[in-house]
Amino acid sequence: MALRKVLLEGDSTLRKKSREVSDFDQRTQELIDDMFETMRAEDGLGLAAPQVGVLKRIFVMEAVEENEATAFINPVLIDEKGEQTGAEGCLSLPGLYGVVSRPEEIRVRAQDIKGDEFERTYSGLEARCVCHEIDHLYGILYRDKAKGGLHSLDEEADEGPAGETAVEKRVSAKAVD
Ligand code: NI
């Protein structure tokens with residue numbers, strides 16, 4: 001396994017559409033292993049392949065409650081319910097957060113490393129993360145959906161009375177990739 005460099009906003013790769021994966025081989029396994037290692041090193045909840053410069057429809061996520069690490073190959077949202085609005089961050093836009101509305105609950109269909117299909121239902125933070133990661137596969141960054149633009153985590157923290165809220169935001173923003 002090896003750490004991969006996370007591309008930052010401004011790199012044109014992050015704005016490109018990823019391709020469907022058809023090879024469920026050792027190379028794909030290595031990419032996924034590297035993505036897990038990179039996500040953990042960066043303290044993220046999720047990471048999408050384009051963020052490490054690979055335009056393939058793959059993302060990884062570490063579900064908080066289930067404490068379960070999962071790789072999603074060729075993922076598609078097949079259902080969504082409700083709405084949640086909250087702070088979100090991205091490893092490709094370090095030090096920033098924004099307020100984004102997402103479905104409260106989603107169902108995702110994907111393939112595993114053997115090519116077998118599976119489906120999962122997530123709510124709350126994990127649902128937010130799945131939507132955020134699938135957006136990456138279409139070249140969409142959360143900046144595009146943030147209400148009122150993006151804010152600096154550090155500036156907020158220095159504002160005194162707002163500091164407590166900022167910490168909460170920092171935690172949740174850091175938790176998404
Ligand atoms: Ni992201």
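This is a predicted model: local features need pLDDT of at least 70, side-chain atom pairs count only at pLDDT 80 or more; totals for chains, interfaces and linings use all residues.
Trainee: Are the rings of phenylalanine 59 and phenylalanine 72 stacked or edge-to-face?

Mentor: Their centres are 4.5 Å apart and their planes stand at 10°. Planes under 30 degrees apart count as stacked. The angle of 10° therefore makes the pair stacked.

Trainee: How many residues apart are the two members of that pair?

Mentor: Phenylalanine 59 is in strand S2, and phenylalanine 72 is in strand S3, residues 68–81. The pair links distant parts of the chain, and the separation is 13 residues.

Trainee: Is phenylalanine 72 buried or exposed?

Mentor: Its relative accessibility is 0%. Buried means under 20%, so phenylalanine 72 counts as buried.

Trainee: Are the rings of phenylalanine 72 and tyrosine 122 stacked or edge-to-face?

Mentor: The ring centres of phenylalanine 72 and tyrosine 122 are 6.3 Å apart, with the planes at 65°. Planes over 60 degrees apart count as edge-to-face. The pair is therefore edge-to-face.

Trainee: Which residues do ring pairs link into a cluster?

Mentor: Phenylalanine 72 pairs with phenylalanine 59, and phenylalanine 72 also pairs with tyrosine 122. The cluster linked by ring pairs consists of Phe59, Phe72, Phe118 and Tyr122.

Trainee: Which element gives the largest share of the largest nonpolar core?

Mentor: This core has 17 residues, and Phe59, Phe72, Ile106 and Tyr122 are among those that touch the most other members. Strand S2, S6, strand S7 (117–123) and helix H2 (124–137) each give two or more residues to this core. The largest share, six residues, comes from H2.

Trainee: How far apart in space are isoleucine 106 and lysine 81, C-alpha to C-alpha?

Mentor: Isoleucine 106 lies in strand S6, residues 105–111, and is buried, with a relative accessible area of 1%. Its contacts beyond four places in sequence include Leu77, Asp79 and Glu80. Isoleucine 106 and lysine 81 are 25 residues apart in sequence, while the distance in space is 6.3 Å.

Trainee: With which side chain does the side chain of arginine 102 make a polar contact?

Mentor: Arginine 102 is found in strand S5, residues 96–102. Arginine 102 is buried, because its relative accessible area is 4%. Its contacts beyond four places in sequence include Arg128, His132 and Asp135. The polar contact, at 2.8 Å, is with the side chain of aspartate 135.

Definitions and conventions:
Residues are numbered from 1 along each chain as its sequence is written. Side-chain values use heavy atoms; hydrogens and water are left out. Helices (H or I, at least four residues) and strands (E, at least two) are DSSP runs, numbered from the N terminus. Buried means under 20% relative accessible area, exposed over 50%, partly exposed in between (1.4 Å probe, protein chains only). Contact means heavy atoms within 4.5 Å. A polar contact is a pair of N or O atoms within 3.5 Å; within protein, one must be able to donate a hydrogen and the other to accept it, and residues adjacent in sequence count only if both atoms are side-chain atoms. A nonpolar core is a set of buried Ala, Val, Leu, Ile, Met, Phe, Trp, Tyr and Cys residues joined through side-chain atoms within 4.5 Å. Rings of Phe, Tyr and Trp (its six-membered ring) pair if their centres lie within 6.5 Å; planes under 30 degrees apart count as stacked, over 60 as edge-to-face and the rest as tilted.
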